[in-house]
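Here's a quick tour for anyone meeting this structure for the first time. Have a look at it below, then read on.

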Amino acid sequence: MLLTQRLTMSGRVLSQVWIWILALGLFVQFAGLLFNNDGSRYATQIYLVLFVPALILLLWRRLSLETWRQAPGFILLSLLAWVVLSSLFNSGAAKDPAYWVKIVLLILLYVFVVASLVSHQDNFNKLLVVIVAVGAFFAWWTLYYQFGVLDKPLDYKEIRYTGRLSELGWNGLADLKHPVVAGLYYGVFAVLLSYLFVGLKVRIWQVALLALGMLGLLAYVLLTFSRGAWFSTAAGGFILLLLFPNSRSRSLIGLGGFLILLAIYLFWAEVQNEFRQGVSNRDLIWQSWIERFPEFWIAGTGAGADFNFTFPPPHQFSVIHAHSLYLQLWYEYGIVGITLFVLLLLSLVWKGWECRAQPLARLGVALLVYAMVAMISDVYAIFHRPSPYWVIFWFPVGILLGVKPPEHRTSHSVAANELQTRR
């Protein structure tokens, strides 16, 4: 009896240790993009504190079959298998098959970590609090340093055309390389912060801190002038608030709608200028994609293949992707690849809806909607090494794989059978 108790206690301690190890690894992958100023250091850190422990745990759990033994899990495995297969039979693949096997393995380990942590909701929520705090801190630090220390003018034209936010500007920290990537990355923090406000019990002083953090995050996203990030943040946040029907969410919907209308009124000239920007010549890229459609629609051009396009005069510069992830994936992986990808999205949304009684399932759906909007025009790759795009797409995939389906139907059936037996 005593031995059994000791073994049980040891198992619980070991389980808790693994939870914190995985949480540390996920934190480094998620927020490490901000406090690392060296790409190789960032890669080394996530391999040591995320992927190696994840691989050990996955093997220890005998591949965690329960994670993949569900419709989204099966479709995900099929999609990743197709990525590897397309690199084998399609000569247009950008890398050799060994590279794609590695990428697929890393993605599986990542979603496995997120799914494993989701089953420990309280610990996962604590991790989200720390992640959001770091994101909000860096957002405010960037605003202070860019406009307070570097003294950049807070002028629409100056920021819009020469000063869009994408980095802290000091010692290489929080350098996301491009305003679009920066806007999409920080937008995820804004959706997570909204979840903390409407999904958890918070005190007055915590509400004040959350409001301050949200102000910094939204200001950062706004000043990246990434319209894809604007729309994604609005869509993800709105879906999240709809999925949490309480007084706080209703007040945020009302306040957000009022502020948007007020901003349109006060900055009408700037809004009109944004409309004149259109889709920033993406329509020319998409037209070229349509013209090439007969060449790739069945088998694709190969995993990781570039979609090369050169703009006509007077622009005359080139791009290497279709500026829409949906189009890019079809271009690379053909009809099978894009079909599996769409099925994955639909299955995840459906699972999230079935599990909507769980707060994390609602968060997962909101983040997935965020990603689905972002992928229309901005996200260019998800099958590659860890990057901000992993936070945008694979993070919600892991959440929705990890939430458990409701068991009320089973319980209802048992109760009905018992009632029938009594009769």
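## Rings in the middle of things

Let's start with Phe 189: its relative accessibility is 0%, so it counts as buried. Keep in mind that this is a predicted model. Tyr 186 is buried too, again at 0% relative accessibility. Both residues sit in helix H8, three residues apart, or about one turn of the helix.

A search of the whole structure turns up 36 aromatic pairs. Tyr 186 and Phe 189 make one that is tilted, with 5.9 Å from centre to centre and 40 degrees between the planes. They also belong to an aromatic cluster together with Phe 30, Phe 124, Tyr 185, Tyr 220 and Phe 395.

## The nonpolar cores

The largest nonpolar core has 127 residues, and Tyr 186, Phe 341, Phe 383, Phe 393, Trp 394 and Phe 395 have the most contacts inside it. H8 is the biggest contributor, giving 16 residues. Apart from this core lies another one of 11 residues, including Phe 307, Ala 322, Leu 327 and Tyr 331.

What about open space? The second largest pocket holds about 400 Å³. It is lined by 16 residues, and the closest to its centre are Val 129, Leu 196, Gln 206, Leu 209 and Leu 210. Helices H6 (121–149), H8 (179–199) and H9 (204–223) are the elements that each give two or more residues to the lining.

H9 supplies the largest share, six residues. By type, the lining splits into 13 nonpolar residues, two polar and one charged.

How values were computed. Residues are numbered from 1 along each chain as its sequence is written. This is a predicted model: local features need pLDDT of at least 70, side-chain atom pairs count only at pLDDT 80 or more; totals for chains, interfaces and linings use all residues. Side-chain values use heavy atoms; hydrogens and water are left out. On a 1 Å grid over the protein atoms alone, a cavity is a set of points where a 1.4 Å probe fits but cannot get out, and a pocket is an open set with protein on both sides within 12 Å along at least five of seven lines; lining residues have an atom within 4 Å of a point. Grid points are joined across faces, edges and corners, and a volume is the space filled by probe spheres set on the points. Helices (H or I, at least four residues) and strands (E, at least two) are DSSP runs, numbered from the N terminus. Ala, Val, Leu, Ile, Met, Phe, Trp, Tyr, Cys and Pro count as nonpolar, Asp, Glu, Lys and Arg as charged, and the others, Gly among them, as polar. A nonpolar core is a set of buried Ala, Val, Leu, Ile, Met, Phe, Trp, Tyr and Cys residues joined through side-chain atoms within 4.5 Å. Buried means under 20% relative accessible area, exposed over 50%, partly exposed in between (1.4 Å probe, protein chains only). Rings of Phe, Tyr and Trp (its six-membered ring) pair if their centres lie within 6.5 Å; planes under 30 degrees apart count as stacked, over 60 as edge-to-face and the rest as tilted.
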